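Welcome, and thanks for taking a look at this structure.

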Amino acid sequence: MRHIFVWDRQIPAPSHIGFPSEGETAMFRILKKRFFRDSLLSIALLSVIVALVLVPSQAMTGAKNGLALCCNVIVPSLFPFFVLSSLAVDLGLAAYLGHLLERVMRPLFRVSGSCAIAVVLGFVGGYPLGAKTALELYRQGLCSNVETERLLAFCNNSGPAFILGVVGAGIFGSGQIGLLLYASHCLASLMTGLLFRFYGHDTAPGAQVVHTKPIAATTVPAAFTGAVVRSFSSTLNICAFVIFFSAMLQLMTSCGVFSALARLLSLIGVSPQLAPQLVAGLLELTSGVSSLGGMSSSAGSISMAAFMLGWAGLSVHCQVLCFLIDSDISPRTYLLGKLMHGTISAFLTYFLATRLSL
């Protein structure tokens, strides 16, 4: 029997899925072989090592930029939110809100009412606060495995400060564009959540998570100490990814990798002017949206920024996936949800931008 491999789990392939045989290309057949995939990965790793030896100053410059970003933006903005979100879950506030919002969250998104706090914090605090809060809820038993996977598909979003301040006013020089991007970002996230309500099956028909944890279920000093320690560890993990990706992006830029990837995208119909920006945005959000600053504020460039904000970039995905390492939560719904979020947001933004003549 054929199997589909999803990260470290092996599940049988459904019988209705067809696997291409005669009609598949030779390149696809080669890439399916593990030997060639491992060889490509080894070549890529060796290439990076050689580049680090030849132009170490570029990697150092990128790492310094990432470190400055962590000290000036990441730690001050995320760490307090991480502590407060952990306290809200540990002290039982999320369970209390779950009783109040069960009739809203359950019919709309098929998740428990406690999940509302992850959605709200995801919209307010930015990446990756929503995902971390969702995992905290799962750790406390306030939502099931399937509910957590549904929640991860749409709760991890960009905050208003980044979209309105950095992207809208800073990059495009327009508060209206910032409002348009944030509105489409939020709406696309909720639409993604509505679509993922059909994902998976509950443990029993109509089964709901029983919220038995009251307010102050643990002592305040214990909850505060645990929240600070866990939040600082999570913040350090995020900073590590930011510094690494900043170094790699600087190295890739100096070695012409971005230009090569942009040329490949232009061969499949992507505009040559937007291809380099799209490549940067797929890997790292801040670099991608910043590269749009030198372009005109057309509907195309604004909708591309919307896609980048919804997709969030590989750097953010690694930050989220590090929270999933020790859990049995599958990353499939999260990654598919971010792709859908970016696509829906781009279409909404393009539609609204052309109607509003921005």
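Helices here are DSSP runs of H or I with at least four residues, strands are runs of E with at least two, and both are numbered from the N terminus. Please keep in mind that this is a predicted model, in which local features need pLDDT of at least 70 and side-chain atom pairs count only at pLDDT 80 or more, while totals for chains, interfaces and linings use all residues. Residues are numbered from 1 along each chain as its sequence is written, and side-chain values use heavy atoms, with hydrogens and water left out.

- The side chains of Lys132 and Glu136 form a salt bridge at 3.2 Å, N to O; the term stands for a side-chain nitrogen of Lys or Arg within 4 Å of a carboxyl oxygen of Asp or Glu.
- Lys132 and Glu136 are both buried, where buried means under 20% relative accessible area, exposed means over 50%, and partly exposed lies in between (1.4 Å probe, protein chains only).
- Glu136 also meets Arg139 in a salt bridge, at 2.4 Å from N to O.
- Glu136 and Arg139 are three residues apart in helix H6, again about one turn of the helix.
- Glu136 counts as buried because its relative accessibility is 7%, whereas Arg139, with a relative accessible area of 44%, is partly exposed.
- Another salt bridge joins the side chains of Arg230 and Glu136, at 3.5 Å from N to O.
- Arg230 lies in helix H10 (residues 220-254) and Glu136 in helix H6, so this pair ties together parts that are 94 residues apart in sequence.
- Arg230 counts as partly exposed, at 27% relative accessibility.
- Taken together, Lys132, Glu136, Arg139 and Arg230 are linked in a network of salt bridges.
- A search of the whole structure finds five salt bridges.

**The chain as a whole**

- The secondary structure comes to 16 helices and two strands.
- Of the 358 residues in the chain, 44% are buried.
- Among contacts in the chain with a separation of 6 or more, 76% are between residues 24 or more positions apart; contact means heavy atoms within 4.5 Å.

**How H15 and H16 pack**

- Helix H15 (residues 314-324) and helix H16 (residues 332-356) pack at an angle of about 155°, and their axes are 11 Å apart.
- Those axes are lines fitted to C-alpha atoms, for helices over the stretch in contact, and the angles run from 0 to 180 degrees between N-to-C directions.
- Val316, His317 and Val320 of H15 make the contact with Tyr334, Leu335 and Lys338 of H16.
- The residues of this contact divide into four nonpolar, one polar and one charged; Ala, Val, Leu, Ile, Met, Phe, Trp, Tyr, Cys and Pro count as nonpolar, Asp, Glu, Lys and Arg as charged, and the others, Gly among them, as polar.

- Leu278 lies in helix H12 (residues 275-283) and is buried, with a relative accessible area of 15%.
- Not counting residues up to four places away in sequence, Leu278 touches Leu265, Val270, Met304, Phe307 and Met308.
- Leu278 and Leu265 are 13 residues apart along the chain, and their C-alpha atoms are separated by 9.0 Å.
- Thr235 is found in helix H10 and counts as buried at 3% relative accessibility.
- With residues up to four places away in sequence left out, Thr235 touches Val75, Phe79 and Phe82.

**Backbone details in the loops**

- The peptide bond from Tyr127 to Pro128 is cis, with omega near -15°, and Pro128 lies in the loop between helix H5 (116-125) and H6.
- Arg110, in the loop between helix H4 (93-109) and H5, has a phi near 55°, a positive value in a residue other than glycine.
- Arg110 counts as buried, at 19% relative accessibility.
- Ala312 has a positive phi of about 85° although it is not a glycine, and is found in the loop between helix H14 (299-311) and H15.
- Ala312 counts as buried, at 0% relative accessibility.
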